[in-house]
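Please look at the sequence and the model before reading on.

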Amino acid sequence: MDVRSRETTRPDGDLRYRVDHVGATVAVLPATCKAGQHSLTVTGYRAVASEGELHVSCRACTLTLVADSTWRLTIARPSTERAELDDEPYRDVLPSPSRTPVRRR
Ligand SMILES: [Zn+2]
């Protein structure tokens, strides 16, 4: 199989993890939607694991049909029991906050 044919549908990066105070691994999802317009803690999101990737879509962008609003993160570890939202580990892939401010209510 030619993997180069999948280049146009590259993931946005690896799913990040952290270890909590009891040593359990927690999946960390971006707190801002991929379009950079919404805080997922405010609008809500949908996370679906598919073929080694976690797809995190913003509910607000889905409703308004914003293109390319779904994060595609490569799953590197077995599924975790918990997940949380945090932008900090995703600074390198997030849209620039100065140009696309996150709306907070
Ligand atoms: Zn959004």
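This is a predicted model: local features need pLDDT of at least 70, side-chain atom pairs count only at pLDDT 80 or more; totals for chains, interfaces and linings use all residues.

Q: What is the order of the strands in the open sheet?
A: Strands (E, at least two residues) and helices (H or I, at least four residues) are DSSP runs, numbered from the N terminus. Two strands pair if DSSP finds at least two bridges between them. Here four strands form an open sheet in the order β1-β6-β5-β4, with mixed pairing. Its edge strands, β1 (13–14) and β4 (45–50), each pair on one side only.

Q: In which sense do β5 and β6 pair?
A: β5 and β6 are antiparallel, with five bridges. S57 has T70 in β6 as its bridge partner.

Q: Which residues touch the most other members of the largest nonpolar core?
A: A nonpolar core is a set of buried Ala, Val, Leu, Ile, Met, Phe, Trp, Tyr and Cys residues joined through C-beta atoms within 7 Å. A residue is buried if 20 or more other C-beta atoms lie within 10 Å of its own, exposed if 12 or fewer, and partly exposed in between; C-beta atoms are placed from the backbone. In the largest core, of 14 residues, they are V56, C58 and L73. At least two core residues come from each of β3 (25–29), β5 (53–58), α2 (59–63) and β6 (70–74).

Q: Why is V26 classed as partly exposed?
A: V26 is partly exposed because 15 other C-beta atoms lie within 10 Å. V26 belongs to strand β3.

Conventions. Residues are numbered from 1 along each chain as its sequence is written.
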